[in-house]
Each structure stands twice: as C-alpha cells, then as structure tokens.
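Please open the model in your viewer and keep the sequence panel beside it. The tour goes from one selection to the next and says at each stop what is there.

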Amino acid sequence: MHDLESVAEMLRRPLTTVRRVTVATVAASSGAPMLGRLIARTLARHRAGRILYTTSDWQQYPAPTAERLEAAPRGTEPWLRVEGSAWIAAPELDDRYFDVTVADVGAVTPASLPVLARSRDAVCLVTPPDRAAAEDAIAIAEQLTREGRRVVIAFDHTRAARMSWARVVTPRLATPALTLDADPGLVNPAVPLRSRAALRVAELAGLLMTDVMMSDLVETR
C-alpha cells in the first residue's frame, strides 16, 4: 500500500493528452459494480482538468446547471450529465477535450484483454481472489505489463472468498495489485466509502494515472 503523500502525487500527475482508462472484470458479476464511477469521482476531486465517466445509463444522472455547462467542451453540452465534479456521458461521446476518461466495459474474457489494453492508456482488471478464476487473466496482465501497458489488478474480496493465493502472489507480480474488501459504498452511491475503502480506490485511481517503469519490472524478475 502506498502512503497518502505518494497517492496524492499519483492522482495529480500532469498529462499532455486525454488519458483513457477502462475498468473490466473477468467474472460475470462483481461485488464492486460502481468501481469505475468511484474512480472517476476520486480523480475529479483531485485533478483540475475535466474528468469524464462514460456509461450506457448516462441519462439517469442529473443534468448540469447552466453555470456548470460553461465549463463543458463546446458542442458536447446536450450529451452531458454530472455527478459531483465529474462529467457523465454515453461511451460514444468525443472525449478529446477531457483530461481523463473512465469507462466501464463489464465482464471480459482473458483472451480479449490484449486488444483492450492496447486500445486504452490504462486498464483496471477486477478479478476474484481465487486461483481458478484469476490465474489466466493475471498471466496475460503480467505479459501486457512487460510490454509497457499499464494494467492494475483489483482483487474483489467484497464477497466471501479465500484470499490465501492472492496474498501469496501479489508481492511477486510484475503488475500492481490491490485488494478491495467489502464496503457499502462500493455498491450504493448514496453511502460514503469508509476510510480504508476510500484510500484503496484513491490508490487504484492513482496507479491508473501512472505509466509502467522499466526499473519496476527489473525488480520483479
């Protein structure tokens, strides 16, 4: 786990172009279905630029006020909604004028990960902590990391599951990995995250703002 100062530094990392982040899961369902939304909200609280969260149900979010729309990219106003400091829109919105875009793509197969990772700047891979469900996806994530692709693993421990394998492999992985424990705020947008869960989501968001360092890969060999 990173300390608060290093997490804050990662969250505020300067960008020269839009950074496109995807949240995907290798399970049919996740105990943290709001993770992409929470990552976007966290980034919006810590970054000065526009943060966009794309989702198919974007129209269910509140419409921005006239004052808020003054800060929107020109031409996008009819297709924007808001949540806190983050912008919400459909996945097909032109995101060139945003600082960071966070998209949820739901469940994916391990075989589809390479194409996904190579089309985005960073991928958060949500996976169960048991070996049978996660091993193939994690092997591909490590290979992508060695190619210089930013992938971050989030072990979904929001439901009862044995953590022994995940705890053993986490320090050995070339790919950074965190564990998400059960928290009401991960499933209910009206409930604030507890401090531990909030820090984990912030750490996850911060890692997704960083790039792979070759020196880190050397240390894991």
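This is a predicted model: local features need pLDDT of at least 70, side-chain atom pairs count only at pLDDT 80 or more; totals for chains, interfaces and linings use all residues.

Select W58, which counts as buried because its relative accessible area is 11%, where buried means under 20% relative accessible area, exposed over 50% and partly exposed in between, with a 1.4 Å probe and protein chains only. W58 is found in the loop between β2 and α3 (66-69); helices (H or I, at least four residues) and strands (E, at least two) are DSSP runs, numbered from the N terminus. Now show what W58 touches: leaving aside residues up to four places away in sequence, these are P78, W79, L80, R81, I88, A89 and A90, a contact being heavy atoms within 4.5 Å.

Residues are numbered from 1 along each chain as its sequence is written, and side-chain values use heavy atoms, with hydrogens and water left out.

Zoom out to the whole protein, which has eight helices and eight strands. Its radius of gyration, taken over C-alpha atoms, is 17 Å, close to the 17 Å that the globule rule (2.2 Å times the number of residues to the power 0.38) gives for 221 residues, so the protein is as compact as a globular protein of that length. Along the principal axes, the C-alpha trace spans about 50 × 35 × 35 Å. Of the 221 residues, 51% count as buried, and among contacts between residues at least 6 apart in sequence, 73% join residues at least 24 apart.

Next, colour the charged side chains. There are 27 positive and 26 negative ones, and the centres of the two sets lie 1 Å apart, with Lys and Arg counted as positive, Asp and Glu as negative, and His and the chain ends not counted; the place of a charge is taken as NZ of Lys, CZ of Arg, CG of Asp or CD of Glu. Side chains of opposite charge can pair when their charged atoms come close. The count comes to 12 salt bridges, each being a side-chain nitrogen of Lys or Arg within 4 Å of a carboxyl oxygen of Asp or Glu.

Select E83 and R37, whose side chains meet in a salt bridge at 2.5 Å, N to O. This pair links distant parts of the chain, with E83 in strand β3 (residues 81-83) and R37 in helix α2 (residues 35-46), 46 residues apart. Are these two residues buried or exposed? Both E83 and R37 are buried.

Move to R47 and D99, which form a salt bridge at 2.6 Å, N to O. R47 lies in the loop between α2 and β2 (51-54) and D99 in the loop between β4 (86-89) and β5 (100-107), so the pair ties together parts that are 52 residues apart in sequence. R47 counts as buried at 10% relative accessibility, and D99 is buried at 16%.

Finally, select E147 and R118, a salt bridge whose closest N and O atoms are 2.9 Å apart. E147 sits in the loop between α5 (131-146) and β7 (150-157), and R118 in helix α4 (residues 113-119), 29 residues apart. E147 is partly exposed at 39% relative accessibility, and R118 is partly exposed at 43%.
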